[in-house]
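Dear colleague,

I am handing over the structure below, and would be grateful if you could look through it alongside the notes that follow.

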Amino acid sequence: MYKIMFSAGEVSGDLHGAAIAKALKKIQPESKLFGFGGEKMRSAGVDILYDMKEYNVMGFWEVLKNLRRMFKLRDDLLMVIQREKPDLLILIDYPDFNWRLAEKAKKLGVPIFSYIPPSAWAWRKGRAKSVAKIADKIVAIFPFELAAYEAVGANIEFVGNPMIDSVKPEMDKATAADYFDANLNNPNVLLLPGSRQQEVTILLPEMLKAAERIYAKYPETQFYLPAAATISRTMLQTIIAPFHLPIRITDTYTYDLMNICDVAVATSGTVTLEAALMELPTVVLYKMSPISYFIGKLFIHVTNFSLPNIIAGERIIPELLQQEVNTERIAREMLALFKGTAGGAAVKLMLAQTKAKLGQPHAVDRIAKLIIETADHCALQNSNKN
């Protein structure tokens, strides 16, 4: 039996952690799983000692303002490590926090398994070398991440992206349409404002203004908004209230909802990849505080910022950044992707081609096996030292 500790600080990490926990339980049901994460991981059998929703911030400036709380969390997790002596610490994304934790944990003799390593391909390429020194094993979920790490001798693999298995509808389109009271002959639009309060506060009003433009042109349009677990319905309803739009807030069967919608507008993040895997044409938005944007421009040099475009190696869905995030531009880009448009049909085809680059099904089972193999290997190494 192994004691495996997790550290995941974002909604996407919570989903990945939950999938890994379920796969680990199938291989070693007696393993003890615990650490820092969210509700999905808790439901999958992980003992959540610190809940990620209390520490979810974005942007350079915003992180700086919360440094004291983040350092306290790191120290608390290190105390857990000293008390529990885990056989392996699994870091899931959340790089600025997780690698400070990893550095300290490594000095305490805990092996490190990195799942979704820091994006050394996009910026701060030098950190691939420091990560390679700390991590006993690294598993990437995108093939484009390998080169930067392999160049510094990291023990890294890409065994497929687990979202290939998890992102799929549970109902056929007709059943889903009945469930969501959707008319498939009319436009159905999906609003995906994000899982952080800051994102929702900044970007949902912009989405709603664009939605008003669309609704004025196509009054038969129905809008849907899946509520993230980290965002209260009260908050969403307060933001939506001034806009006279037919918006249905949902919290279940999001992939079925993606399957019956014609176009989406989304905050940049994992949800854009989920939409891509559902072959849903999406307009991607990102907007941050001016100081965070200024700092980001100094260090991040990428052609595209949304995952579908990065995987494709070209811009196949529209991306709007900072000042481009405005009512007219969002509405124009969305209308160009509506059902029946040449733009929408072309994007759906390119999204299908992009999906094929993410590997074969059952990646999470292969990842769980790598975790156990790493724990076995590290345990053997330690016994040989002793």
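With which residue does the side chain of D136 meet in a salt bridge? The partner is K106, at 2.6 Å from N to O, where a salt bridge stands for a side-chain nitrogen of Lys or Arg within 4 Å of a carboxyl oxygen of Asp or Glu. This pair links distant parts of the chain, since D136 sits in the loop between α6 (127–134) and β6 (137–140) while K106 belongs to helix α5 (residues 95–107), 30 residues apart. D136 has a relative accessibility of 23% and counts as partly exposed, and K106, at 30%, also counts as partly exposed; the classes used here are buried for under 20% relative accessible area, exposed for over 50%, and partly exposed in between, with a 1.4 Å probe and protein chains only.

Before going further, please note that this is a predicted model, in which local features need pLDDT of at least 70 and side-chain atom pairs count only at pLDDT 80 or more, whereas totals for chains, interfaces and linings use all residues. Residues are numbered from 1 along each chain as its sequence is written, and side-chain values use heavy atoms, with hydrogens and water left out.

Salt bridges

By the rule given above, the count comes to 17 salt bridges. A second pair that links distant parts of the chain joins K32 and E84, whose side chains meet at 3.0 Å, N to O; K32 is in strand β2 (residues 32–37) and E84 in helix α4 (residues 67–84), 52 residues apart. Here helices (H or I, at least four residues) and strands (E, at least two) are DSSP runs, numbered from the N terminus. E84 is buried, with a relative accessible area of 15%, whereas K32 is partly exposed at 33%. These two residues also belong to a network of salt bridges that links K3, K32, R83 and E84.

Helix α4 also holds the pair of D76 and K72, which lie four residues apart, about one turn of the helix, and whose closest N and O atoms are 2.9 Å apart. Of this pair, D76 is buried, with a relative accessible area of 12%, while K72 is partly exposed at 49%.

The two sheets

Five bridges join strand β1 (residues 3–8) to strand β4 (residues 88–92) in parallel, with I4 opposite L88 and S7 opposite L91. With strand β5 (residues 112–115), β4 pairs in the parallel sense over four bridges, and I90 stands opposite F113 there. Five of the five residues of β4 are buried, and both of its faces are covered, with L88, I90 and I92 on one side and L89 and L91 on the other.

The other open sheet to describe has six strands in the order β10-β9-β8-β11-β12-β13, and its pairing is parallel. The edge strands are β10 (247–250) and β13 (319–321), each of which pairs on one side only. Strand β11 (residues 263–267) is joined to strand β12 (residues 282–286) by four bridges, the two running parallel, and V265 stands opposite V283.

With best regards

Technical notes:
Two strands pair if DSSP finds at least two bridges between them.
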